[in-house]
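Dear colleague,

Please find below the structure that I am handing over to you.

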Amino acid sequence: MRLLLLFLTAWLTLVAPAGAQPVQPGPQRTERIEAELVPMSAWAAPGSTAIVAVRQKVQPGWHTYWRNPGDSGGPTTLSWRLPQGVRAGDIVWPLPQRQRLQGLTNYGYEGEVFLPVPVEIPASARPGSTVRLTVEAGFFVCSDEMCVPDTLTLTLDLPIREGAAPPAGAWGRRVQSIVETAPRPAGITAHATLDGQTLRLTATGGPLAGADLTQAAFFPYDPDVMDHAAAQFGQRGSQGVTLSLAAKPGVLGTGLAGPVIGVLATDAGAWEITAEPGPPLPGASGTGGLTAIPDAFGQTTGPGATTWTAVLHAALLAFLGGLILNLMPCVFPVLAMKAASLTRTAHDPAEARRDGILFTAGVLTTFLALAAALLALRAGGQAIGWGFQLQSPAVVASLALLMLAVALNLSGAFEIGAGLQRLGGSRLSRLSGAAGAFFTGMLAVVVAAPCTAPFMAFALGAALLMPTPAALAVFGMLGLGLALPYLAISLSPGLLRRLPRPGPWMVRLQRLLALPMFATTLWLVWVFARQTDALATTWLAAACVVAALAAIAMGPLADRIAPRQRWAPIVGRLGVVVALTLAVLAVRAVPALEAERPIPADAWSPARVEAALAQGRPVLVNFTADWCVSCKINERTALSTAATRRALERSNAVYLVADWTRRDDVIARELSRHGRSGVPLYLVYHPNTPGPRILPQLLTAGVVAEALQTPGPA
């Protein structure tokens, strides 16, 4: 009988499920994170509220998330198993860090962090006993390349005693400090105002009144209110602060449906605020600026920086940038032509002054017109930058032909007028000298805009986010810097007299200046080719060849080949018409740009992979999750592009998505089978090829296209 009991005991021990074994107090670990429950106080009294914290220690290179994870990720979740009468409250979230990666911004934690939770102990708890607290903690642990949902079961035996308890060692003091400094309401009044694309928060009263603040930032509880990756800007007032934030596109269309709730963090403390929709509060601005919070790319220029000091700073840098722009390769040939023309007017100061003033007027007018168009487009929601005109294939094609005409004119292939001040190939050059000077200024700006001098990046970035009058002032200073050297010479009779007299050297200079203009033409054709396809580029190249032949037919070379032949000018004019027609065909052949949108996909399953392979079709499988930051970046930059869509169509491939946003054991086993514990994972299968090809975790459209086209090793 005793042997039978021993046998039964041993058998029950062996067959009992592992989950039935009690979890012992202490740290629990995965490869990425260590976590445990720790108390703030050495014991808890009956009828009191104890504070316990989930201590998490994240491995270097990994992070977890705040209650609002931002652009991706997911918050830590706690599922409690507690004795009768014991109740756990919500997490007291400490202030998060900003985590930026390739244009996305998340809110979370790295290293060691404590998440305190209040736990109500019933009055019936018996002193001298212990209360076992058990929680299943779910963590989204992410690196720059992978996200893994880790779940750990944590326990704590909390002693019950009478009286006040001291902190429970070093960790207890850490938890106490977090609880004492955690954001909470503090009598602050706040309003939220939607002003175009800007969500403006004003907060006054409470600890903000009279505070000498230098920094302020807002962390929203709702992930869909503001653009987390955009910069934040602020101003302080005698009673509070004003923050300018970028609203989410959905908010722009529907307006504020309710209050904006979150954490206002300053260098004097952090507090929870509820900003009701309403006009800006008085006393929230006017006494100075606050340090800007940079966007996901580290830039801090924007609306909050539009103090007079910021405007003057940006204007000065723009002016210096305009001066440096005179040395840029794309604008130098045009300015050199103007400088050469000064030698012709050196002995006529009145004409030189008029030429310089009108050239400056052309520069300023065109700079301001381009700036106004750019600001208007950005106000309408277009994501464009300075030099936006070169984003249009039609503009690029037109400039290529214009630069080719200028180059041919300078090289002597044809002559229109005798003055070097004229714009080669343009009918504007046939106008009077005053009109020619004005339109030369326009041309200088058009070809100079894509160049970027060292001082221009900050100034133009700031101007694009300033109020319109300040922005136009900055762009005007950029134009003034570009035109100033020529203007200064034209207004100085002493300098004009020092210029060399016209002579054969001007012809040699003219021929030399043709070289950079030919180079500019080639560059513009290359830009056009990158924007379009082979057919459109072929039409533009043909237009350039015909335009060159037409120019030669109208020039002195034609007179030497066929002297006094009346048909040559006719052929030249006909060639101009043909060249323009070919240019129009080139622009019309530009393929319509497909919007980057998610490519239609089916849900992944092993059976669907096998079915597609049996049909002889390649398969692209995307293992992803909504909380995975790397997944979202890859889907935006590589898996939603027209190039990837065309690659799938060319290879007749099947696109499958394995969505691991919610726990799925089948997906987890498939990840493990390929040596992964988390997402992203990208697999490409080819018929009659053993095993899939594993793609890099940071994708490009080219990598996907190459993998679909060429079977590779597993």
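Predicted model: local features only at pLDDT ≥ 70, side-chain atom pairs only at ≥ 80, totals over all residues.

Strands of a sheet pair through backbone hydrogen bonds, either parallel or antiparallel. Here, three strands form an open sheet with antiparallel pairing, in the order β5-β10-β11. Because β5 (77-81) and β11 (147-159) stand at the edges and have a single partner strand each, one side of each is left without a neighbour in the sheet. From one strand to the next, the twist averages 20 degrees. Strand β10 (residues 130-142) and β11 run antiparallel and are joined by 13 bridges. Cys142 has Cys147, in β11, as its bridge partner.

Next come the helices. Helix α18 (residues 642-650) packs against helix α20 (residues 701-709) at an angle of about 5 degrees, and their axes are 9 Å apart. Angles under 35 degrees count as roughly parallel, and α18 and α20 are therefore roughly parallel to each other. On the α18 side, the contact is made by Ala643, Thr644, Ala647 and Leu648, while α20 contributes Ala701, Val704, Ala705 and Leu708. Seven of the residues in this contact of α18 with α20 are nonpolar, one is polar and none is charged.

Finally, there is Thr537, which lies in helix α13 (residues 534-553). Is Thr537 buried or exposed? Buried means under 20% relative accessible area, so Thr537, at 16% relative accessibility, counts as buried. Leaving aside residues up to four places away in sequence, Thr537 touches Phe528, Ala529 and Thr532.

With kind regards

Terms used
Residues numbered from 1 in each chain as written. Heavy atoms only, no water. Pairing = 2+ DSSP bridges. Helix = DSSP H or I, 4+ residues; strand = E, 2+ residues; numbered from the N terminus. Axes fitted to C-alpha atoms, helices over the stretch in contact; angles between N-to-C directions. Parallel < 35°, antiparallel > 145°, perpendicular 65-115°, else oblique. Contact = heavy atoms within 4.5 Å. Nonpolar A, V, L, I, M, F, W, Y, C, P; charged D, E, K, R; others polar. Buried < 20%, exposed > 50% of the residue type's maximum accessible area, 1.4 Å probe, protein only.
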